[in-house]
2 protein chains.
Amino acid sequence: MLKNRYFYAILALVLVVLGVVIIFKFTSVSNEIHANEVLGTTAEVNSNIADNVKDQCASLTQELIDEIKAYQPLVHEIANAIVAGKYSGDTWNALAEMTDKFGGRMSGSKSLENAIDYMVDEMKKAGLDNVHTENATVPHWERGYENCQMLTPRWTKINIIGLGSSVGTIRGGLFADVVVVESFEEFDKLTEATVRGKIVLFVPEWQGYSKTMQYRSQAASVASKKGAVAALVRSITPYSIASLHTGSQKYSNDVKNKIPVAAVTVEDAYMMLRMYRRGQKITLHLEMDDTNLEDFVSRNTIAELAGERKAPVVVVSGHLDSWDVGVGAMDDGGGAFIAWKALHLLKRLNLKPKRTIRAILWTAEEQGLHGAKAYEREHKPHEREEFNFFIESDVGTFTPLGLQFKGNKEAECIFKEVLKLMSPLNATEFDTEFMGPDISLWVNRGFPGASLFNKNEKYFYYHHSVGDSMLVENPDDLDKNTALFAAAAYVIADLSVDMPKDIKD
Amino acid sequence: MLKNRYFYAILALVLVVLGVVIIFKFTSVSNEIHANEVLGTTAEVNSNIADNVKDQCASLTQELIDEIKAYQPLVHEIANAIVAGKYSGDTWNALAEMTDKFGGRMSGSKSLENAIDYMVDEMKKAGLDNVHTENATVPHWERGYENCQMLTPRWTKINIIGLGSSVGTIRGGLFADVVVVESFEEFDKLTEATVRGKIVLFVPEWQGYSKTMQYRSQAASVASKKGAVAALVRSITPYSIASLHTGSQKYSNDVKNKIPVAAVTVEDAYMMLRMYRRGQKITLHLEMDDTNLEDFVSRNTIAELAGERKAPVVVVSGHLDSWDVGVGAMDDGGGAFIAWKALHLLKRLNLKPKRTIRAILWTAEEQGLHGAKAYEREHKPHEREEFNFFIESDVGTFTPLGLQFKGNKEAECIFKEVLKLMSPLNATEFDTEFMGPDISLWVNRGFPGASLFNKNEKYFYYHHSVGDSMLVENPDDLDKNTALFAAAAYVIADLSVDMPKDIKD
């Protein structure tokens, strides 16, 4: 018996080792081929690739492919300068200085306007061209004193955070019982008599951001229609350490009575759900001194790396505004900084592309893309001639994977060749889930654009919360993202051809 | 070239598959043997095992080994009843009801005393024996209004949480500049002139709990000796979403001037460290209305599953008190509930062990094991005859892995045989890092004891914070832990022999 066991064990071991050795050899061969592909030195391999691309990309000429490949040494230079070189750590340090100095930068706040002034100075100090701001009218919502306590079934503080554009309660707050539902469908089944005069708490399961956030944006409107006096919603996050997540909400046009709305922690939401399911009466005292003030003139912040010719430009962007809680290092300090630092890095490397590269730090994205909308309106008359390509980062600046793209097939073929150059940054993945909220104003109309594709699995842990801090940002990742934006923007701006577009108006 | 690659790939694949098939066959054989071992039906295998054990465990007789093995069907029954059976989910639901009802249960608070009364009722309703409480004098520290704002270099709220036993500030708070250090060593190098009149902020790196928490417990004493007016410390956690973690602190006996001390978030701690390193002047306004009131008589909560004879008993325990923030579902509601629910489960299964099993829900563990200390003093005169074995859970009730043990070699040999029975719960791992703070009062003096060994990698994410909620607890894991405590306590209480001990006084 034992002899048998040893025999089998040794036989198995020998076979597996042999197999693994062969796989290892096989993989090494693959790697060499990959390296050759990237550097474009093996004719045989090159022609294979070209064949593949031609299948889908008939319009892509071998000349253009070769032209793009020729940028590989330059991408190496850009990557080396920041990831291993003397500019390493620069983006993180600059972002830390800005966020430490101004903290949260909410639309309509003094700290956002001060941060805009500071960024103009920084961009000028960096020697960038045409540094200026362009006005944008933005909402001005102010968070006041916010407080909530549970009175029955037991006294306890319920931590809340008002949602952007929420009205306040009456002075002294309101006292009301709570109705708890897990979905809009469940709410639909409730009678008006059940809801009238109550606070409605929505406790949807996390079903991804775009689905779950509907509860945040619609809770007040939905609850108000059946006579609720206020709405609460679980914080929109897949993971919680009792963190509160704010965000925008919108009263729909048919709402007659605007009611206050706030987020509670996932922990408290589920506690109240359990109490409600047990038949316990839940009474809250809710006080919110939040107010919508008059619109405010804020500014988009703009700097350029002047090309040999002015237009059409490549835009690299992120938004400078954030929510008031946390310091907006992730949303979207990181995005704004890799965008403008990409220009700073190219400037330091004395690189001058054919077309101008323009960094735009959008204002008031959080309350509804107000900066981008104003910019779009202003530039619309000459947009076809003005813009070549749009780039944005607004879903985190964690370890880069590649770029997300939206545009026509011709542009995609060129873009894919450019993306291959990003191998020194380990960021060659092509993704079609384009995530650039500000630039979507152009990209959804047929301008080609790209957004950062990064390892952002934990993005919503920190999103719109006091946890959005410099701890979330990693210096190495920020360097790589800056280099990725610099390299991609430079190559696209420097190509012999404009990026193809199909514009719908 | 290509042909070569395919040949290697196919050869490798064939060899690996062959190897894996053989390993699989070999493993199946092993599993059968393992099952036989556990059930004790293969004489040949049994004698091998006995030989192994005898090497280290000469005192362990084959009769005792066989006696322990005979409990395997019973452990199966216990596991089935709770994990798959009609009591499934019971521990989680009961814990949710208690924590929803009372919230945080701090030493000296009304909510702790009410929770104790409630537990007495629950234990009586469960039909347990000898349900009663035993008095323990405990500290009564109260958290008052706590507030901190940074005045320079910019105004911002700094979230703080006072540490247990901290004194308050003068009314209206204190205004002082901040000195930031990363370690006690760095603090030692500062002159008294640098520190006098300042607030000292300690920002140690996370180096594991036992090392990092020294900063929490000693910050005030260390800073006070050089004339600081208050101390702050980064929250003691390896991961943060801007969470505040409280905990106990102690003024050392030679401290002449007790100063207030609080934790700040890791995020704010590092922000202030960066500001300080840049040479920026940091001024804070710190107000804490925390007070130490007169000692208070609280109670340990006790219930028994009466055995055929009263003594020596097997103790299963956790502490019922918690900090005031969060609801203490993890620390240590989970521990307390798997302990008493183990007795409840055995009772429902109509199991009556030879020795009595005693559940103890300690009071006032958090402020320094006060409940356990009082109990130890009271029971000292007859402790040798009274106690057979101690079990505790106080480092989370996540997925169980096994049990941690401390005791003499003879007891360890018996314990390891008992642990093997826990295979239906996937919890057979033996670990020597014993973690039972309350029962360590006995175990460190030579009584044998065990603590829950569980997958608690995220324990300190929630520890002593508002994030300590029912979201951290998983119904399946709680069931398994209850079953593990029930099975281990029952077998040890039912053995023909007492657990060996070497008591030092």
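Trainee: Which residues do ring pairs link into a cluster with A:Trp362?
Mentor: This is a predicted model. In it, ring pairs join A:Trp362 to several other aromatic residues of chain A. The cluster members besides A:Trp362 are A:Tyr375, A:Phe387, A:Phe390, A:Trp442 and A:Phe447.

Trainee: How many aromatic pairs does a search of the whole structure find?
Mentor: The search runs over all chains. Rings count as a pair if their centres lie within 6.5 Å. The total is 50.

Trainee: Is the pair A:Phe390 and A:Phe447 stacked or edge-to-face?
Mentor: The ring centres are 5.6 Å apart. The planes stand at 85°, and over 60 degrees counts as edge-to-face. The pair is therefore edge-to-face.

Trainee: How many residues apart in sequence are the parts that A:Phe390 and A:Phe447 tie together?
Mentor: A:Phe390 lies in strand β13 of chain A. A:Phe447 lies in the loop between α15 (440-443) and β16 (449-454) of chain A. The pair therefore ties together parts whose separation in sequence is 57 residues.

Trainee: Is A:Phe390 buried or exposed?
Mentor: Buried means under 20% relative accessible area. A:Phe390 has 0% relative accessibility. For A:Phe390, the answer is buried.

Trainee: What kind of aromatic pair do A:Phe405 and A:Phe415 form?
Mentor: Take the geometry. The rings are 4.7 Å centre to centre, with 25° between the planes. Planes under 30 degrees apart qualify as stacked. The pair is stacked.

Trainee: Which helix of chain A holds A:Phe415?
Mentor: A:Phe405 sits in strand β14 (residues 400-406) of chain A. A:Phe415 is 10 residues away, and both residues are buried. The helix is α14 (residues 409-420) of chain A.

Trainee: Which ring lies under the charged end of A:Lys226?
Mentor: The charged end is 4.8 Å from the ring centre. Elsewhere in chain A, A:Lys416 lies over the face of A:Phe430, at 4.6 Å from the ring centre. For A:Lys226, the ring belongs to A:Phe187.

Trainee: How many residues of strand β11 of chain A are buried?
Mentor: The strand spans residues 309-319. It has 11 residues and is mostly covered. The buried count is eight.

Trainee: Which helix does the chain pass through from β11(A) to β12(A)?
Mentor: The path is a β-α-β crossover. The crossover is right-handed. The helix is α11 (residues 329-348) of chain A.

Trainee: What is the bridge partner of A:Val314 in β13(A)?
Mentor: β11(A) also pairs with strand β13 (residues 387-392) of chain A. That pairing is parallel, over five bridges. The partner of A:Val314 is A:Phe389.

Trainee: How many helices and strands does chain A have?
Mentor: Chain A has 505 residues, of which 60% count as buried. Among its contacts between residues at least 6 apart in sequence, 83% join residues at least 24 apart. The secondary structure comes to 17 helices and 16 strands.

Trainee: Which residue of β8(B) is the bridge partner of B:Ile161?
Mentor: β4(B) belongs to another open sheet of eight strands, β3-β2-β9-β5-β6-β7-β8-β4 of chain B. β4(B) pairs antiparallel with β8 (residues 261-264) of chain B over three bridges. The partner of B:Ile161 is B:Ala263.

Conventions: Residues are numbered from 1 along each chain as its sequence is written. Chains are lettered from A and ligands numbered from 1 in the order in which they are written. This is a predicted model: local features need pLDDT of at least 70, side-chain atom pairs count only at pLDDT 80 or more; totals for chains, interfaces and linings use all residues. Side-chain values use heavy atoms; hydrogens and water are left out. Buried means under 20% relative accessible area, exposed over 50%, partly exposed in between (1.4 Å probe, protein chains only). Helices (H or I, at least four residues) and strands (E, at least two) are DSSP runs, numbered from the N terminus. A crossover is right-handed if, with the strands pointing away from the viewer, the path from the first strand over the helix to the second runs clockwise. Two strands pair if DSSP finds at least two bridges between them. Rings of Phe, Tyr and Trp (its six-membered ring) pair if their centres lie within 6.5 Å; planes under 30 degrees apart count as stacked, over 60 as edge-to-face and the rest as tilted. A charge sits over a ring if NZ of Lys or CZ of Arg is within 6 Å of the ring centre and within 35 degrees of the ring normal. Contact means heavy atoms within 4.5 Å.
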